[in-house]
Amino acid sequence: MKRLLAVGSGPIFQVVKAFRAGETGRKHAVEFTIAEWYRLGPLAGLLTEMDLLLGDLLGTPPAERRTYRELFLAAVGVDPLSAPEERLRTLAEAHGHPGRPDDRAGALDYLFSRLVEPGLGTRVPTIVTRFPAPLAALARLSDDDSRTAERFEVFWAGLELANGYDELQDPEEHRRRFAAENRARERAGRPVASTDARFLAALEAPGLPRCSGVALGVDRLVMAAVGASSLDEVVAFREAPDN
Amino acid sequence: MANTYATNEFRSGLKVLLDSDPCVLLDCEFVKPGKGQAFTRIRYRNLKTGRVLDKTFKSGEKVEAADVLDTEMEFLYSDGGDWHFMDPNTYEQYSAAKSALGGHEKWLLQGMTCGVTLYNDAILLIHPPHFVDLKVVETEPGIRGDTATGGSKNATLETGAVVRVPLFIEVDETLRLDTRSGEYVSRVKN
């Protein structure tokens with residue numbers, strides 16, 4: 001889709017199947033459906049659109065917007081942006097992480113899921129903004145603070161419903177992040193992702209326009225709409241647990 | 001080699017060894033906090049201590065299966081130190097230490113069928129029937145016409161258990177008792 005955006009598609013969407021090997025649980029499936037869309041411009045427009053869409057589909061009240069840092073500080077008691085990596089890794093282990101996480105990103109992800117997430121999206125949907133830079137994925141870093149990235153996630157009814165970025169445009173930075181991601185995968189003994197040469201070429205020329213994109217989990221959206229507690233209740237055929 | 005279960009085979013009811021104790025999984029949930037490591041979070045009961053605990057595994061980790069089997073056996077007798085049971089299918093006899101009975105020994109009557117949890121082919125836990133019928137061997141004389149006050153008194157049963165019963169209960173009557181609460185339920189017609 002980003003290659004289409006690079007050649008001038010303008011705003012686009014698709015509803016499509018996504019696959020994650022080995023992920024099976026009440027809120028995870030190997031095969032699931034996402035609605036993915038992009039609009040031109042920075043994140044603010046997409047956040048507003050997201051909020052309106054949830055209101056239309058689920059009848060939710062207007063979402064609250066909270067930065068990752070304020071939520072993390074309130075629930076964990078340490079600053080996710082400035083706390084030393086060792087402190088975060090030790091804290092994660094103390095909260096039940098099996099052994100110490102490999103890196104800062106692993107420690108932050110674990111602590112957030114254990115201590116912050118359970119309190120999100122209970123009264124109104126919560127849009128978590130400004131993720132720490134190590135969790136930037138493919139989001140651009142914030143203009144006013146290079147310690148945070150313009151990534152957001154939406155939480156409602158005990159579910160993470162959507163994940164979106166103010167899309168990274170710089171081809172060099174893309175290469176660095178893909179390389180770092182693959183180093184982390186290698187360390188963890190997971191298969192390394194191959195380089196998407198055509199995507200990287202499109203980023204060079206004509207280049208990705210300033211745009212923001214998001215993926216919304218459609219099956220989870222249905223769970224939230226009908227008050228289901230497991231994907232089993234909303235998906236017709238679940239895959240057998242993989243062997 | 002010991003049988004193992006990987007996290008993707010976890011489901012409630014599975015019997016596994018955790019910290020070298022036999023445990024039963026009560027609940028498990030797949031968790032993927034970010035792009036990296038995925039986890040499986042479980043709630044489990046330690047079958048030895050009865051305690052319910054939580055634990056997080058990295059997805060793909062393996063744990064050893066516990067050789068735990070739930071079955072039924074007939075209670076034979078107690079020699080004071082051990083309680084002896086028999087598998088009604090194989091006629092094989094098993095003995096249980098007092099710790100396996102968890103205070104339930106007072107409900108056991110010869111010939112009674114009990115739930116038994118076996119671990120490594122030895123008795124780990126005894127589960128008496130939820131309801132047992134036992135005869136009263138000793139209690140103060142019954143007082144008629146005093147049911148309105150809902151008074152109660154002690155009665156000693158044929159197994160030695162002492163329970164609170166209504167005032168109208170007499171010696172030699174058979175009572176139904178709830179072994180989970182230890183309470184009198186009703187009289188049973190002989």
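## The nonpolar cores

Let's start inside: the largest nonpolar core has 51 residues, and A:Met50, A:Leu108, A:Leu111, A:Val154 and A:Leu161 touch the most other members. A nonpolar core here is a set of buried Ala, Val, Leu, Ile, Met, Phe, Trp, Tyr and Cys residues joined through C-beta atoms within 7 Å; buried means that 20 or more other C-beta atoms, placed from the backbone, lie within 10 Å of a residue's own. Helix α5 of chain A (residues 104-116) gives the most to this core, 7 residues; helices are DSSP runs of H or I, at least four residues, and strands are runs of E, at least two, numbered from the N terminus.

A second, separate core of 22 residues includes B:Trp83, B:Cys114, B:Ile126 and B:Leu134.

## About the model

This is a predicted model, in which local features need pLDDT of at least 70 and side-chain atom pairs count only at pLDDT 80 or more, while totals for chains, interfaces and linings use all residues. Residues are numbered from 1 along each chain as its sequence is written, with chains lettered from A and ligands numbered from 1 in the order in which they are written.

## Chain B

Chain B has 1 helix and 16 strands. Its C-alpha atoms fill a box of roughly 75 × 40 × 25 Å along the principal axes. Of its 190 residues, 23% are buried.

## Where the chains meet

Here 16 residues of chain B are in contact with 21 residues of chain A, contact meaning C-beta atoms, placed from the backbone, within 7 Å. On the chain B side, β3 (21-31) and β5 (52-58) each supply at least two residues.

Conventions:
Buried ≥ 20, exposed ≤ 12 C-beta atoms within 10 Å, placed from the backbone. Contact = placed C-beta atoms within 7 Å.
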